[in-house]
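Here's a quick tour of the pockets and one surface patch in this model. Have the structure open as you read.

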Amino acid sequence: MRSNRTKLIFLLVLVIICVLLYGFYDIKGGFDYAFPRRMIRVGAMVVTGIAIAYATVVFHTITQNRILTPSIMGLDSMYEVVQTVIFFFAGSMSVWVLNEYLNFGAAIAAMVLFALLLYRFLFRADKYPLFFLLLIGIILGTLLGSFVTFLQVLIDPVEYLSLQSLLFASFTNVNGDLLYISMLILFISFIYGYRIMGQLDVMSLGRDNAINLGINYDKMVMRILILSSILIATATALVGPITFLGLIVANLSYQFLVSHKHSVLILGASLISIIALVGGQFLVEHVLELRTTISVVINFVGGIYFIYLLLKESRSV
């Protein structure tokens, strides 16, 4: 326990260093203008990082598999479908695009509804094997991606350029008001998540053991799925999709922190996620000079890491 506490303090120190470095490094022009805008970006990274880390860890608990994530199950693709359909049928000058509150709400509603329908049929009485769920999620993601590509081919090129800015995660133009709404959603979700932390520890023992210890397993699974879907949807609607971030930070937390307690694992994954986002965004802005986006880098690294986990899992089997 003492070792984990030391490791968490170390991660917290790294978070503080990354935030200070990003907030104060090479501020040119007016400090009063640049610093608050950087802090809004940092706030968006913190909210996104914590939401994705929390959702992924609890998702792993109920699926009993560390290569499944809500994003891999097709939520990110659903976000792309919503944005593409809006641009295709309404155009970039419609109220659904210009009004960021409407766009934000529509994206969250569509992703949560999609997740509920998906989980309603796939997480039913423990009927299907986990790799079947992964396969279905990938197939649905591919299907939705193909549909998005088809619509994008038909969109006017100018409209397409405007759409592209929404389909990649970006922290450079975060709406401060939407950030506060996301913080509120995150706070409410964490209040509920804190109350079920002990039940999550029991559920990590497996379905049969959890039921024997008095957990209403199926009911808790659906509640946790809804919770993780809301968190992923909020993070994606705020900054855009980052598919593999949760997979990376959750598994790094499992390897770095030797614990079965979700309070420790979630905190560790959240700190690692913030370090990855803030440190990565610092490199993108000041080293790569905005020639790429943080989501491209994370998805590239995450894709390689995902293949590594699949190979590692196959060897253990």
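Helices here are DSSP runs of H or I with at least four residues, numbered from the N terminus. With that in hand: α6 supplies eight residues to the lining of the second largest pocket, the largest share of that lining. Keep in mind that this is a predicted model.

**Largest pocket**
- This one has a volume of about 580 Å³.
- Its lining takes in 24 residues, and Glu100, Ser165, Leu166, Asn173 and Leu238 are the ones closest to the centre.
- Two or more lining residues come from each of α3 (71-89), α4 (95-98), α5 (100-122), α7 (157-167) and α11 (217-239).
- By class, the lining of the largest pocket splits into 12 nonpolar, 11 polar and one charged.

**Second largest pocket**
- The space in this pocket comes to about 330 Å³.
- There are 21 lining residues, with Asp76, Ser77, Glu80, Pro241 and Thr243 closest to the centre.
- The elements giving two or more residues to this lining are α3, α6 (130-154), α7 and α14 (294-316).
- Here the lining residues are 13 polar, six nonpolar and two charged.

**Nonpolar surface patch**
- Which helix gives the most to the nonpolar patch? That would be α14, with four residues.

How values were computed
Residues numbered from 1 in each chain as written. Predicted model: local features only at pLDDT ≥ 70, side-chain atom pairs only at ≥ 80, totals over all residues. Heavy atoms only, no water. 1 Å grid on protein atoms, 1.4 Å probe; cavity = no way out; pocket = protein on both sides within 12 Å on 5 of 7 lines; lining within 4 Å. Points joined across faces, edges and corners; volume = space filled by probe spheres on them. Nonpolar A, V, L, I, M, F, W, Y, C, P; charged D, E, K, R; others polar.
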